[in-house]
Amino acid sequence: MSTLTLRCPHCHTANRIPAERITDQPKCGACKSSVLTGKPLEGTVNNMDALLASDKPVVIDFWAPWCGPCQGFAPVFEATAAQHENAIFVKVNTEDQQALAAKYRIRSIPTIMVFKDGKLAQQINGALPQSDFNNWLEQAK
């Protein structure tokens, strides 16, 4: 049985969750909040394969802390995540997760990718305003 470690978006506690239970609305062991509620998850080398194996679409924002457009896009991504319960939203810090950035050939940030059934369905580079991002996402999903 494979597990993935997800950091709670509320209290930031690391939680080990069996991969096959990712769609069962897992709760944080520390604060008891749902781990998959409207806030993006932290994507890492250790949990990315399990996240992509989900039956829900997975929307990934590849970003870096020093990137101005990434910082400007972060509230847009979070607000969109709160509105779409039918998808898993993930943020990957390319500074901390350089292996993932290399694996997905990230050349500019922010880069947003949508995966369906574990396969890349759509990709866009650059920050978008809220309405444009919502329109792009509806077409991508």
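This is a predicted model: local features need pLDDT of at least 70, side-chain atom pairs count only at pLDDT 80 or more; totals for chains, interfaces and linings use all residues.

Me: What about Cys11?

Reply: Cys11 is in no disulfide either, and its nearest cysteine sulfur belongs to Cys28, 3.6 Å away.

Me: Is Cys8 buried or exposed?

Reply: Cys8 is buried, with a relative accessibility of 1%. Cys11 is partly exposed, at 32%.

Me: Switching to helices. At what angle do helix 2 and helix 4 pack?

Reply: At about 50 degrees, and their axes are 10 Å apart. Helix 2 covers residues 68-83 and helix 4 covers residues 130-140.

Me: Why do helix 2 and helix 4 count as oblique to each other?

Reply: Roughly parallel means under 35 degrees and roughly perpendicular starts at 65. Their angle is about 50 degrees, so helix 2 and helix 4 are oblique. The crossing of helix 2 with helix 4 is right-handed.

Me: Which residues meet there?

Reply: On the helix 2 side they are Phe73, Val76, Phe77, Ala79, Thr80 and Gln83, and they meet Gln130, Phe133, Asn134 and Leu137 of helix 4. By class, that contact has 6 nonpolar and 4 polar residues, with no charged ones.

Me: Now the backbone. Where is the cis peptide bond?

Reply: It joins Ile109 and Pro110, with omega at about -5 degrees. Pro110 sits in the loop between helix 3 (98-103) and strand 6 (111-116).

Me: What's the phi of Lys32?

Reply: Near 65 degrees, which is positive, and Lys32 isn't a glycine. Lys32 is in the loop between strand 2 (14-18) and strand 3 (41-42), and it is exposed at 55% relative accessible area.

Me: And what is the phi of Asp117?

Reply: About 50 degrees, a positive value in a residue that is not a glycine. Asp117 is in the loop between strand 6 and strand 7, and it counts as exposed at 64%.

Me: Last one: where is Lys119?

Reply: Lys119 is in strand 7, residues 119-125, and it is exposed at 59%. From Pro75, Lys119 is 44 residues away in sequence and 26 Å away in space, C-alpha to C-alpha.

How values were computed:
Residues are numbered from 1 along each chain as its sequence is written. Side-chain values use heavy atoms; hydrogens and water are left out. Buried means under 20% relative accessible area, exposed over 50%, partly exposed in between (1.4 Å probe, protein chains only). A disulfide is a pair of cysteine sulfur atoms within 2.5 Å. Axes are lines fitted to C-alpha atoms, for helices over the stretch in contact, and angles run from 0 to 180 degrees between N-to-C directions. Helices (H or I, at least four residues) and strands (E, at least two) are DSSP runs, numbered from the N terminus. Angles under 35 degrees count as roughly parallel, over 145 as roughly antiparallel, 65 to 115 as roughly perpendicular and the rest as oblique. A crossing is left-handed if the near helix is turned anticlockwise from the far one by less than a right angle, and right-handed if clockwise. Contact means heavy atoms within 4.5 Å. Ala, Val, Leu, Ile, Met, Phe, Trp, Tyr, Cys and Pro count as nonpolar, Asp, Glu, Lys and Arg as charged, and the others, Gly among them, as polar.
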